[in-house]
Amino acid sequence: MINLIKRQPSGRIIALGFALVILLGSLLLSLPCSIQEGVTVRYIDALYTSTSAVCVTGLIAIDAGDTFTPLGQFFLASLIQVGGLGVTSVGAGVILAMGKKVNLKGRSIIREALNLDSRKGTVRFLKSVFLTTLAFELAGAALSFIVFVQDYPPLRALGISLFHSVAAFNNSGFDILGNLQNLIPYQDNVMLNLVTCGLIIFGGIGFLVIRDIIDKRFHWSKFSMHTKVVLSVSAVLIAVGALLLKLTEDVTWLGAFFHSVSARTAGFSTYPLGTFSNAGLLVLTALMFIGASPGSTGGGVKTSTLFVLLQGVKSAATNKSEKGFRYAVPADAFRKAAVITLIALGVVVTGTYLMVIMEPDISLMDALFEVTSAFGTVGLSTGITTGLSDGSKLLSILIMYIGRLGPLTIASLWYFSSGERASYPEGNIAIG
C-alpha cells in the first residue's frame with residue numbers, strides 16, 4: 001500500500017493528504033470532549049466545519065464559539081494551521097523535528113505544494129516558512145490581546161487572540177466570539193482592523209514573496225518579477241475594491257478597506273453582508289474569485305494569474321510581446337492562466353447552478369456569492385450557510401476542497417498517460 005502511494009504523482013498524494021486530514025478533523029470535532037454540554041453536532045456539520053478549517057475557508061454551518069469547548073476550538077485552530085501551511089509541509093516539518101531527513105519524493109511534493117520552481121534549498125525554505133508563520137502569528141496574537149483583554153478575562157482573551165491570529169494569517173475567517181457575530185462588534189476598532197488586515201495581507205502574498213522582501217531588504221528594484229507582480233496587483237485590488245465598496249455601501253473607509261482585504265480569501269467581516277447591495281456583493285464576488293497569491297495560505301485563481309491574463313490580452317490586442325517590470329512573461333504562462341481561470345469559472349457556474357436547484361428559495365446572487373466564497377476559500381457569506389440543506393453542504397464541501405487544492409491539481413488527478421501515441425496535422429478554426 002505504501003509503495004503504491006509512493007508511485008503516485010505529487011498532486012494525488014497532496015489531494016489524499018488533505019482528504020485524510022479533513023476526515024480526521026471531522027472525527028475530532030465530533031468527540032464529546034470537543035462539544036459544549038447541551039449542544040448536539042450532526043456529523044455533516046462536523047465534516048463541513050473540518051473541511052472549512054483545513055481548506056482555510058471560514059464558512060460555518062455551526063458557530064465555533066457557541067458549539068465547541070476550548071479543546072474543540074484547539075482542534076479547530078490546529079486544522080486551520082495545518083490547512084494553511086499545507087499537509088505536506090506540516091508532515092515534513094514533523095520529520096525534520098524528529099531529526100530525520102526528507103527524501104527526494106518528499107521534497108518533490110513540498111515543491112509542488114509551495115509552488116517552488118527550484119530543487120535547491122527546499123528544506124531551508126520550509127524551515128523559513130515555519131519561522132515566518134510563528135513570528136507573524138505571535139505578533140498578531142500579542143497585538144490582538146491588547147484589544148480583546150478589554151472585553152474578556154485575561155485567559156479567555158489570550159485564547160481568542162491566539163485563535164484569531166492563526167485564523168487571520170492563514171486567511172481563514174473563523175472566530176470564537178460566539179453568536180455568529182464575527183468581528184462586527186469591532187467594526188470601529190482601528191487597531192484590531194489594521195492588525196487583522198496586516199495578518200491577512202502577509203498570509204495572502206505568499207511565503208516566496210515574504211522571503212524575497214526580507215532577503216532583498218525591502219529594495220523594490222531588487223525584487224523578483226513574481227514579487228513585483230504580487231505586490232502591485234494586490235495593492236491595486238485592495239485600493240479599487242475599497243473605493244468601489246465605499247461608493248456602493250453605507251460603510252466607513254475603514255470598513256471598505258477591511259472588506260476589500262478580507263474578501264481576498266480571509267472571510268472576516270465587520271458589517272453584516274446580508275445588508276449589502278447587489279453591487280457591493282458583486283465587487284466582493286470578483287475579489288473572492290481572484291483571491292490571494294501563489295504559495296500563500298489563500299485561495300482563488302491568484303493575483304499572478306490575473307496579471308498574466310491581462311498581459312496576454314494586451315499582447316493579442318497590440319501585437320506586442322507579453323512583459324512586465326522589464327521581464328518577459330514565460331511563454332506558457334498565459335496558457336496555464338487561461339486553463340486555471342476557465343476551470344475555476346466552470347466550478348463556480350456549475351456549483352451555483354446546482355445550489356439554486358437544491359435551494360429554490362435562495363436568490364441567484366446569494367448562491368453565486370456562497371459558491372464563489374467556497375471556491376476562493378474565503379468564508380464570507382450573506383447569512384445563508386447555516387440554513388443550507390445537507391445536499392448543498394456536501395456541494396460546498398466539494399467546492400472548498402477543489403478551491404484549496406487548486407483547479408490544475410484537481411484536473412491532473414485523472415492523468416495517467418505519459419504521452420500521446422499519435423500526432424495529427426494542424427487544422428484550421430475560426431476564432432472571434
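Predicted model: local features only at pLDDT ≥ 70, side-chain atom pairs only at ≥ 80, totals over all residues.
Residues are numbered from 1 along each chain as its sequence is written, and side-chain values use heavy atoms, with hydrogens and water left out.

A cavity here is a set of points, on a 1 Å grid over the protein atoms alone, where a 1.4 Å probe fits but cannot get out. Points are joined across faces, edges and corners, and a volume is the space filled by probe spheres set on them. Two cavities of 30 Å³ or more are found by this rule.

Let me begin with the largest cavity, which holds about 90 Å³ of space. Its lining residues, meaning those with an atom within 4 Å of a point, are N171, I200, I201, G204, I205, S234, I238, V261, R264 and A292. Two elements each give two or more residues to this lining, α10 (190–205) and α12 (225–248); helices are DSSP runs of H or I with at least four residues, numbered from the N terminus. The most comes from α10, with four residues. By class, the lining has six nonpolar, three polar and one charged residues, where Gly counts as polar and Arg as charged.

I turn now to the second largest cavity, of about 30 Å³. Around it stand F148, I160, F163, H164, F174, D175, I176, L177 and L183. Helix α9 (residues 154–169) gives the most to this lining, with three residues. Its classes are seven nonpolar, one polar and one charged.

Terms used. 1 Å grid on protein atoms, 1.4 Å probe; cavity = no way out; pocket = protein on both sides within 12 Å on 5 of 7 lines; lining within 4 Å.
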